[in-house]
Amino acid sequence: DWVLQDLQDQLAEAERELLRADPAQRLRIEQDIRDLRQRAADQERLLADPEAAAWRTKERIAAGLEQQR
């Protein structure tokens with residue numbers, strides 16, 4: 001899946017960037033890495049079970065609509 005590959009590419013680039021980053025940028029890059037890892041894991045779950053992912057999405061939408069009422 002191209003989305004997962006793109007996330008993995010971004011993660012690899014962020015990890016390389018972390019190695020040469022100055023201390024002022026390290027926290028931001030480390031947070032980016034955590035975010036990218038989470039997004040990649042979410043995408044892997046989506047690819048592994050698309051029906052369950054669709055169900056979870058519908059549940060989140062319903063919950064969000066309920067909160068707006």
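The buried residues of α1 pack against α2 (23-48). Buried here means under 20% relative accessible area, exposed over 50% and partly exposed in between (1.4 Å probe, protein chains only). Contact requires heavy atoms within 4.5 Å. Helices are DSSP runs (H or I, at least four residues), numbered from the N terminus.

The model is predicted: local features need pLDDT of at least 70, side-chain atom pairs count only at pLDDT 80 or more, and totals for chains, interfaces and linings use all residues. Residues are numbered from 1 along each chain as its sequence is written, and side-chain values use heavy atoms, with hydrogens and water left out. The predictor's confidence in each residue, pLDDT, runs from 0 to 100. Its mean over the protein chain is 92, and 100% of the residues reach 70 or more. Among the elements of the chain, α1 has the highest mean pLDDT (97). Helix α3 (residues 50-68) has the lowest (86).

Helix α1 comprises 19 residues (residues 2-20). At 1.5 Å a residue, it should span 27 Å; its end C-alpha atoms lie 28 Å apart, which agrees. The expected span is 1.5 Å times one less than the number of residues. Buried in α1 are L4, L7, L11, A14 and L18. They cover an arc of only 85° around the axis, which puts them on the same side of α1. The arc is that of the directions from the helix axis to the C-beta atoms. An α-helix has 3.6 residues a turn, so residues three or four places apart point the same way. On the other side of α1, W2, L19 and R20 are exposed.

R16 also lies in α1. This residue, R16, is partly exposed, with a relative accessible area of 44%. Its side chain is joined to that of E13 by a polar contact of 2.8 Å.

I29, I33, L36, A40 and Q43 are the buried residues of α2. These pack against α1.

The largest nonpolar core has 10 residues in all: L4, L7, L11, A14, L18, A21, I29, I33, L36 and A40. Such a core is a set of buried Ala, Val, Leu, Ile, Met, Phe, Trp, Tyr and Cys residues joined through side-chain atoms within 4.5 Å. The elements that give two or more residues to this core are α1 and α2. A21 touches R26 and I29, not counting residues up to four places away in sequence.

Methods
A polar contact is a pair of N or O atoms within 3.5 Å; within protein, one must be able to donate a hydrogen and the other to accept it, and residues adjacent in sequence count only if both atoms are side-chain atoms.
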